[in-house]
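User: I would like to go through the labels used for this structure and see what each one rests on.

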Amino acid sequence: MTSAVDFGDYELYANGVPYDLFAKLRREAPVLWVAEPARGKFPGGTGYWAVFRHTDVQTVSRHPEIFSSAIGGTTLRDLRHKDLEIVRHMMLNMDPPRHSKLRKIVNRVFTPQVIGQLKGSIEDHAREVVDSIAEKGSVDFLEEVAAEMPLLVLADIFGFPSEDRHLLHRWTDTMIAYDDPDAGPAEAAAIIATVKEMFGYASGKTAEKRVKPTNDVWSLIANAEVDGEQLSQGQLDRFFQLLVIAGNETTRSLISSGMQLLSQHPDQRDMLLKDMSLLPAAIEEMLRFAPPVIQFRRTAAVDTMLGGRGIAKGDKVVIFYASANRDETAFEQPDKFDIRRNPNPHVSFGDGTHFCLGANLARLEARVIFTELLTRLPDLEITGTPERLRSNFVTNFKHMSAQFTPAARRAPADIRAKALAPSESVATPAAAKPAALGKHGTPLLVLFGSNFGTAEDTARRIASDADAHGFATTVAPLDDHVGDLASEGAVIIVAATYNGTPPDNATHFMEWLRTDDGEPLTGVRYAVFGCGNHDWAATFQEVPRTIDTLLEKRGARRLYSRGEGDAADDFDGQFEAWYKPLWPALAAEFSIGLEALVSGPMFAIEVVPGERMSPFVASLGARPMRIAVHRELQSMAGPDPSAASTRHVELELPDGVAYRPGDHLGVIPHNSDGLVRRVAARFGFEKDAFIRLHARSERRTFLPIGERISVHSLLADYVELQDLASRSHIRTLANYTECPFTKTALEGLAAENGSTYRDEVLLKRKSVIDLLEQYPACKLPLEIYLEMLSPLAPRYYSISSSPLASNGRCSITVGVVRGPARAGVGSFTGVCSNYVSRQAEGNVVYAFVKDTKSAFYLPEDPRTPLIMIGPGTGLAPFRGFLQQRAAMKERGIAVGASLLFFGCRHEKQDFLYADELREFASQGVTELHIAFSRMQPEKVYVQDHIRRAKDRVWALIDNGAIIYVCGDASRMEPDVRKVLVGVIEEKLGVDAAAAGKRFDQLVAENRYLVDVWATG
């Protein structure tokens, strides 16, 4: 059967893709010979096989050895021979292995984990795009949104100035729409001039990036080598052409077609607005229903059969993605737009060797811009009939009108600055000179995922010991090795979990690891140790367990069993039990002898004559912040004054520092003078004495080697003095003890069997200095003591204000930690809370805004209901939330209902921010539910008030509310969770198991969010 219809005729697509015709041909002639008669300036062609069925399109796509992209190129119409030779420089018109070599250059740049690193800037661009139209009410959606969004992102990933994005736009239109008489230069000379301009620009950028490469795609390509040589100018020109079109046109089509589909299918739009978790599936359905690319051409490299038709070597074969995506044999009700469709095996991004490089980027851009549009301009609708681009190749438009209710631009302060995290440094290679030291030099990669330092400290200890054992060691954050786990040597991973999510420096690693189509990790040998706290019972060890499972699933081999340390239990003992057998296991695995660990002190101390900002300021990106307001929140007067202290601290933000409600403020603390004097005196130093540390080994340290420094600064600014003493610490104390009675006592404390360590050290939270004072016969030198100490870490406080109400300031709410020491002698004072409480108004502290990478933020749609649960200082983020919504309401923006469940001891003692909260309630910003635990015979807590208000709680949950819990992880949060499950059970009339599953669904949908900490 031969078709009288030429599918290369762009007039066939003037009113859209001819889906009815495709359906008829799928039934009657799924592989059809099509003549190419002369038409207009087209002189006619040799004809081609048109392929319409899903399975046949997949077959052609997956077999480049049979259906070649290189022999005749990929355009439906045949090119002149000289033009074909030119376009064969483009990866699109290559077959393996040549195609594979070029694709490998940029493959890793477009993996999900690398694209995920762009999410922050893509979100900023989406806000920028929506801000630019928000107040207008009507726009050309194509030009002002669908085209603008990918252009901004494309300029970013290329490393080009954003103002050049309009050049990319014009060049794309020219290359795509050259045979549409209305959409591109009509004359060949004008087209050639445009192409020369584009390639000239690419050549200039290539020269620039070769002289001064930066962290962008074009620097990578310009400096890449294939078979030992850099890419030719022709290859670079076509690489540029491909990436400009692929990074621009397809995403523009997805956004514009997607919004049109939502406007044409209001039931699906309403479903999506009610449940934005459907957005990823909705985007896949947009791609299926209106694919950006209609067809691609191949050429038969050999005689073959397809769909029962004999295809001769040299025949053109054109695969129609638009038809395959409506194939009745692959999709139920294929002509129905269904955003819940699952599975959805569309081929809109191609298949096989030429699967679209930018698919992950396009999906992310679409998710971000649709989230911004649907939450800020929820009634945006495409109006009238969009003007289509007449093309037989792509589905797109020239103009598309949209109308919506105008909305306010996003406040500039809502765009926050990102502070540099301490572990976002470059990986630190160790053992650069193994041969000179006589080491075996087996590679050992030690990776960590750590927010608050425990996992990083543990990893660095492993790395330090590995150096001493003769390994060639590298230690780095997990995100520094996305897609980069070597098969040589071993990989040791130490990771924590942050409220159920990966630490900040492990998020992209986890995304990569979860990628189903990722490369196998065959040959990688690994071991995992997890850091956790069982107070977070629901997510205890979740990230390290997942890493362990996924590495094995991806083909890596576990060479040593996973270990788990519980910070709420005997972490040190659990780590030691896992750690000691690790080295013999590695020695056996690699058939190596381990060098003995370096004995003797790491440092020598020189006392020098007597000259303070924290040494960690630069690495943390901290800035000086002046305290503008500092006041007590608890009542210290009256007949029953509070014995505790909670401080309200407002800090002036430096220029360029911004935040949003839900962010944390990292404060760099200093140990108190009293604690410093106590430690210095134990070692026979005045705190004002000056010393210099000299390194005695090549082991890493955070301490200042070779610098003249006071004992006071060293102890106050660099080290944690109150950390729990470990068994290994106690064994070291015993080694420096001659008194047999003291030595025996210390060895008993360090024993791994029995409960002595737990009862006398762990539960009493004794530090090394506590033990030194308890056992004065121990003669531990200061240099050995310093080796035991961890770096002084920042403490993080939930910001308790809103940028809309704080006039260039942010506030924190600090519960001052002080009380009798568990050790039974003296008192214990929290390092940072007491440091902050000592500061007067006008003093300067060093701090930085911390994006927690969690979902604990206000929803984009201010109409979303909130349920906030936060006793004590857990109120802090909710004060910021309420300030934000009160400010929005005052500006005329509709805000959703909210409930605040706050708990404290007594109305006259610790009802924090009482007047402000009552004012929020009177304004209708929230409904207050206050649990005073000590104002009646029976104790009453927030969970009791949730139970009492179950009808109102359920009404908000049923209306899409997000539940936020901030506070104690060990008791309060589990009790709150239990009560909420009970509410669900009662209101839905289901059993406890079903209610638990519904609650888990809320968690999965990010509608139950926690920001909790361990007590004690």
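User: How many bridges join β1 to strand β2, and do they run parallel or antiparallel?

Analyst: This is a predicted model. In it, 2 bridges join β1 to β2 (residues 31-34), and the two strands run parallel. Two strands pair if there are at least two bridges between them, so β1 and β2 count as paired. Within this part of the sheet, S3 stands opposite V34 in β2.

User: What makes β1 and β4 edge strands?

Analyst: The open sheet has 6 strands in the order β1-β2-β3-β11-β8-β4, with mixed pairing. Each of β1 (2-3) and β4 (67-68) pairs on one side only. Helix α2 (residues 54-62) packs on this sheet and touches β2, β3 (48-51), β4, β8 (295-300) and β11 (316-320). The direction of α2 makes about 125° with that of β11.

User: Why is the pair of F902 and F911 called stacked?

Analyst: The ring centres are 5.9 Å apart, and the cut-off for a pair is within 6.5 Å. The planes stand at 25°, and planes under 30 degrees apart count as stacked, so the pair is stacked.

User: How do you know whether F902 and F911 are buried or exposed?

Analyst: Buried means under 20% relative accessible area. F902 has 0% relative accessibility, so F902 is buried. F911 has 8%, so F911 is buried too.

User: What makes the pair of F575 and W578 tilted?

Analyst: The centres are 6.1 Å apart and the angle between the planes is 40°. Stacked needs under 30 degrees and edge-to-face over 60, so 40° leaves tilted. Both residues lie in helix α22 (residues 571-579), 3 residues apart, about one turn of the helix. Both F575 and W578 are buried. Ring pairs also link them into a cluster with F471, F529, Y560, F571, Y579 and W583.

User: Why are α13 and α15 called roughly perpendicular?

Analyst: The axes of α13 (residues 249-264) and α15 (residues 279-289) cross at roughly 100° and come within 9 Å. The range for roughly perpendicular is 65 to 115 degrees, so the label applies to α13 and α15. At the meeting of the helices, L254, G258, L261 and L262 in α13 face I283, M286, L287 and F289 in α15 as contacts.

User: What lies over the face of F289?

Analyst: R326 does, at 3.8 Å from the ring centre. The cut-off for that distance is within 6 Å. Likewise, the charged end of R660 sits over the ring of Y857, 3.5 Å from its centre.

Methods:
Residues numbered from 1 in each chain as written. Predicted model: local features only at pLDDT ≥ 70, side-chain atom pairs only at ≥ 80, totals over all residues. Heavy atoms only, no water. Helix = DSSP H or I, 4+ residues; strand = E, 2+ residues; numbered from the N terminus. Contact = heavy atoms within 4.5 Å. Axes fitted to C-alpha atoms, helices over the stretch in contact; angles between N-to-C directions. Phe/Tyr/Trp six-rings, centres within 6.5 Å; stacked < 30°, edge-to-face > 60°. Buried < 20%, exposed > 50% of the residue type's maximum accessible area, 1.4 Å probe, protein only. Lys NZ or Arg CZ within 6 Å of the ring centre and 35° of its normal. Parallel < 35°, antiparallel > 145°, perpendicular 65-115°, else oblique.
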